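Colleague: I have some time to go through this model with you. Could we take the side chains and their surroundings one by one?

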Amino acid sequence: ARYPADTVRLKAEEYQGYQRRFPKMVEKKIPLSIDEYAYFNPTPGGGSPFGGMTLKQSLAYGMILNEMMRYTDFLTMGALTTGVSLIDYTPTSSTLNALGLLYQTYGDNFVGTTPVALSGNSPQPAPKFLAGSPDQPVKSSGSPTYPLDMLAALSPDKKYLILSVVNATESAHTLDLSLTGSRLAAAAKLSELTGTSADAINHAGQAPQIKVKEVQLSGTPGTISVAPISVNIYRFPLTQ
C-alpha cells in the first residue's frame with residue numbers, strides 16, 4: 001500500500017535536487033506537476049477498465065494524497081488517470097467505488113487548506129517491499145507516526161484543524177494528539193472510510209461493501225483510537 005507514496009516522495013526529492021542545482025527555479029516559483037498518476041492493483045470484475053477498486057487501493061491513495069500535500073510549496077498539480085476510475089458502472093447504473101469515496105471525502109475537507117507541521121515519535125521504517133523503480137527515496141514516505149500515516153492542515157478560514165489518518169493495517173491503533181499555538185474545541189466530526197475487508201469492493205446495483213461513516217465526537221480527545229483498514233478525516237474546531 002505504500003508503493004505509490006514512496007514514488008511521490010522520490011519525485012519530490014529529485015525536484016528538490018533540481019532546485020538546489022538551479023536556484024532560479026525557486027526564484028521564479030517553477031512548480032512540479034505529477035500528471036496521469038495511478039496505482040494499478042486491479043481486482044477482477046468491476047465496471048471500470050481498471051477492474052474493481054478495493055479498499056486496499058483506497059488506503060494506498062490516501063497515502064498518495066497525504067504525501068502530495070506535504071510538498072504543496074512546489075507540487076501544485078496532480079492529475080489522476082481518468083475520472084471513470086472513480087466509479088463502478090453498468091450500462092444502466094453507477095456508484096462511487098472505493099477510490100471515488102476517498103476523493104470525495106478528501107475533496108469535501110482539504111480544498112483550499114494549508115498543511116501544517118506534524119511531528120511524532122514513531123518514524124516510518126525503510127520499505128520492506130520496494131516499488132518498481134530501482135531508485136528509492138532517501139527517506140521513506142509518510143509521517144513519523146508509524147504504522148499510521150497522518151497529515152494536518154488548517155481550513156481556509158483557519159477555524160478548523162483537518163487531520164487525515166490512514167491505518168493500512170488490520171489492527172486498531174491509538175495516537176496521542178496535542179497542539180501547539182491553538183486549542184481544540186468540542187464537537188469534532190469524523191469521516192471514516194472503511195469496509196468489510198481489505199478486498200471489499202463496491203459494485204453498481206449491489207449493496208456497498210465500503211462506506212464513509214460520519215461520526216460526531218464529543219469533548220476534546222487527547223487519545224484517538226483509529227479503526228483498522230480505514231482512512232479517517234477529523235475536522236476539529238479550533239479556539240484561541
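Colleague: Where is glutamine 19 found?

Modeller: Glutamine 19 is found in helix α1, residues 3-21, where helices (H or I, at least four residues) and strands (E, at least two) are DSSP runs numbered from the N terminus. This is a predicted model, in which local features need pLDDT of at least 70 and side-chain atom pairs count only at pLDDT 80 or more, while totals for chains, interfaces and linings use all residues. Residues are numbered from 1 along each chain as its sequence is written, and side-chain values use heavy atoms, with hydrogens and water left out.

Colleague: Is glutamine 19 buried or exposed?

Modeller: Glutamine 19 counts as buried, at 17% relative accessibility; buried means under 20% relative accessible area, exposed over 50%, and partly exposed in between, with a 1.4 Å probe and protein chains only.

Colleague: And which residues is glutamine 19 in contact with, leaving aside neighbours within four places in sequence?

Modeller: With those neighbours left aside, glutamine 19 is in contact with Met25, Val26 and Phe74, contact meaning heavy atoms within 4.5 Å.

Colleague: Phe74 makes me think of rings. Which cluster do ring pairs make with Phe74?

Modeller: Ring pairs link Phe74 with Tyr15 and Tyr71 into a cluster. Rings of Phe, Tyr and Trp (its six-membered ring) pair if their centres lie within 6.5 Å, and planes under 30 degrees apart count as stacked, over 60 as edge-to-face and the rest as tilted.

Colleague: How many aromatic pairs does a search of the whole structure find?

Modeller: That search finds 6 aromatic pairs. One of them is stacked, formed by tyrosine 234 and phenylalanine 236, at 5.7 Å centre to centre with 5° between the planes. Tyrosine 234 is buried, with a relative accessible area of 2%, and phenylalanine 236 is buried too, at 0%.

Colleague: What about arginine 235, which ring does its charged end sit over?

Modeller: The charged end of arginine 235 sits over the ring of tyrosine 160, 4.6 Å from its centre; the criterion is NZ of Lys or CZ of Arg within 6 Å of the ring centre and within 35 degrees of the ring normal.

Colleague: Changing topic, how many salt bridges are there in the whole structure?

Modeller: The search finds 7 salt bridges, each a side-chain nitrogen of Lys or Arg within 4 Å of a carboxyl oxygen of Asp or Glu. Among them is the pair of arginine 70 and aspartate 149, whose closest N and O atoms are 3.4 Å apart. This pair links distant parts of the chain, 79 residues apart, with arginine 70 in the loop between α3 and β2 (75-80) and aspartate 149 in strand β6, residues 148-154.

Colleague: How accessible are arginine 70 and aspartate 149?

Modeller: Arginine 70 is partly exposed, with a relative accessible area of 24%, whereas aspartate 149 is buried, at 4%.

Colleague: What does lysine 189 meet in a salt bridge?

Modeller: The side chain of lysine 189 meets that of glutamate 214, at 3.9 Å from N to O.

Colleague: How many residues of α3 are buried?

Modeller: In α3, 14 of the 15 residues are buried, so this helix is largely enclosed by the rest of the structure.

Colleague: Last one, what does leucine 102 touch, not counting residues up to four places away?

Modeller: Leucine 102 touches Ser58, Tyr61, Gly62, Leu65, Leu193 and Val231 on that count. Leucine 193 is found in strand β10 and is buried, at 1% relative accessibility.
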